[in-house]
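Open the model in your viewer and keep the selection panel at hand. The stops below go through it one selection at a time.

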Amino acid sequence: MDDTLLLDAIERYRNGEMSPQEIIFFEELRKNNPDIDQLAAEHNFFLGELNKFSEIKAYRHNLNEVENKLITEGTISHKKANRKAKIIYLWNRYRRTIAVAACIAGLVSISTATIVSMYSATKKKEVIMPLVDHKLNQVENRLNQLETKLNDASTQAKTEAAPKFEANFRATGFLADGDGYIITNAHVVDNAKNIIVENKKGEQFYARPVYADKTTDLAILKITDTSFKKVVNLPYTFPKTSAELGEHIFTLGYPREEVVYGEGYLSAKSGYYGDTTSYQISISVNPGNSGAPVINKNGDIIGIISSKETNADGVVFAIKSKNIYTALKDLKDDSIRLPLVNSLKGLDRVHQIQKLEDFVYMVKGN
Amino acid sequence: MNIYEKEQALLAGLAANETNAIETIYRENFTTIQAFIVKNNGYPEDARDIFQEAMIVLFEKAKLKSFVLSCQLKTYLYSICRRLWLKKLQQESRYYPAFELTNEAVPVDEEIDAHEKLNANFNLMEQALNKIGEPCKSILDAYYIQKKSMPEIAETFGYTNADNAKTQKYKCLVRLKKIFFAQYKNVE
């Protein structure tokens, strides 16, 4: 109770609510009683703080009122200006960083681009080798000439029909349509002036490319020779679905003047540097195998051999068969009809090859 | 009325917490301050905060009878805002601005120091008030901040008479004081 009375006295003294007599009494009390004086001083200070607090609170209230009024009026920036200012703010805040970052980014991208393009261009050329045989050696050529001469001597009339020219490359192709459409690689027929295709029996026909896509490396040739007779019952089909890892595959191709069999397995579902349009297969191939069919155990042609990695053993890339469908779509030629019936399924390998041989062609040209 | 007299009148109005005076000062100065702050890595919201702080500094000064402006009001306000903003940037360690250090600024160190102390005490009081709980907070608020009379408070809070309310108020005040000084001493 005493404390309360004292506090009340201090407050009344402070607020000037005391009568003169009370003031004298109170001042006497403080003078003679240090404890009370201490308490009074402390309380006075505290009341001062409390008073300041309430003053500032009231003042802040007024400041906010004025601010709100001006915001409503539009004198002080409202939301719309805010957004604009935010951009200015961000720009001001980060402009140096942005400038530096942009410079570095620019330099880095330019240099990386340069390095990458230089490196990859050279690397690709060195590492990936198309499997076209450009070194048709002279011995072979001479042999050919001798053969032809021999043929000439024996059957003079027939040789007139066979086209005669010196080929400077050799690759492989296979029939996609009995009407004389042959699938091979785009790089095979790239820059070729004349193309001839030759079947197992040694019959040669002139052909011209009707489609070539350098990105997928797929080309379609059309036999133009009138002596070509329509072939029926193509024994294989072209699956649209992706082949499975580890599938056993085989191929028939012309790395030599004679058809060569090779077998291997599917090692990856993507090709060089993750190229999803091709497979990586493990198989022994040589120049001349370009354009050879990659066939699974059922006799479906799952791909077309295109290139191999030179610094690794058995790393060969084959274009996926479904690209053939894309090519046909691009070609907008309804006359090409891919075979729909597979007659190789269930046969043993030797018989499969026997049936296949007739449809795999050597592609030569200059 | 010349500029000096006009500004003294404004300060007097400010000391009395008159809305008109506040509004006039806002209208004449806020845009400049906002431009300055936005230019120096601030948002418009920052400008509003800083300007309010500066207005409180000015308020504290205006209340002192001895205070006389040594320069134009706008220069004074600009100087205060500039210092407050610089301090805030340093505290938040935002990207350090390229201030033009001599540009039209008057020394305001004393004001800033005093303002910081004032702010600290203001926050202490606010925290203490939040800690004492009800009904103490409301009673003290009604008496010391809203300046209501004791009979009025007795009625609002349901006390039978003003004396009982007064006793309660003092009890609350003692508690508030205790909390305030406990923290105050910690800060000191």
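Predicted model: local features only at pLDDT ≥ 70, side-chain atom pairs only at ≥ 80, totals over all residues.

Select chain B. Eight helices and zero strands make up its secondary structure, so read from the N terminus, the order is α-α-α-α-α-α-α-α. Of its 188 residues, 34% are buried. Among contacts between residues at least 6 apart in the sequence of chain B, 63% join residues at least 24 apart.

Next, select residues 44-63 of chain B, helix H3, together with residues 73-91, helix H4. Their axes come within 9 Å and cross at roughly 125°, which makes H3(B) oblique to H4(B). The crossing is right-handed. Show the side chains at the contact: H3(B) supplies Ile50(B), Phe51(B), Glu53(B), Ala54(B), Val57(B) and Leu58(B), while H4(B) supplies Leu77(B), Ile80(B), Cys81(B), Leu84(B) and Trp85(B). By class, this contact has 10 nonpolar residues, no polar ones and one charged.

Move to Pro135(B), in the loop between helix H5 (109-132) and helix H6 (136-145) of chain B. A cis peptide bond, with omega about 0°, joins Glu134(B) to Pro135(B).

Now select Lys147(B), in the loop between H6 and helix H7 (150-157) of chain B. Lys147(B) is not a glycine, yet its phi is positive, about 55°. Is Lys147(B) buried or exposed? Lys147(B) is exposed, because 9 other C-beta atoms lie within 10 Å, and the cut-off for exposed is 12 or fewer.

Finally, go to chain A and select Asn191(A), in the loop between helix H7 (186-189) and strand E4 (195-198). Asn191(A) also is not a glycine and has a positive phi, about 65°.

Key
Residues numbered from 1 in each chain as written. Chains lettered and ligands numbered in written order. Helix = DSSP H or I, 4+ residues; strand = E, 2+ residues; numbered from the N terminus. Buried ≥ 20, exposed ≤ 12 C-beta atoms within 10 Å, placed from the backbone. Contact = placed C-beta atoms within 7 Å. Axes fitted to C-alpha atoms, helices over the stretch in contact; angles between N-to-C directions. Parallel < 35°, antiparallel > 145°, perpendicular 65-115°, else oblique. Left-handed = near helix turned anticlockwise from the far one by under 90°. Nonpolar A, V, L, I, M, F, W, Y, C, P; charged D, E, K, R; others polar.
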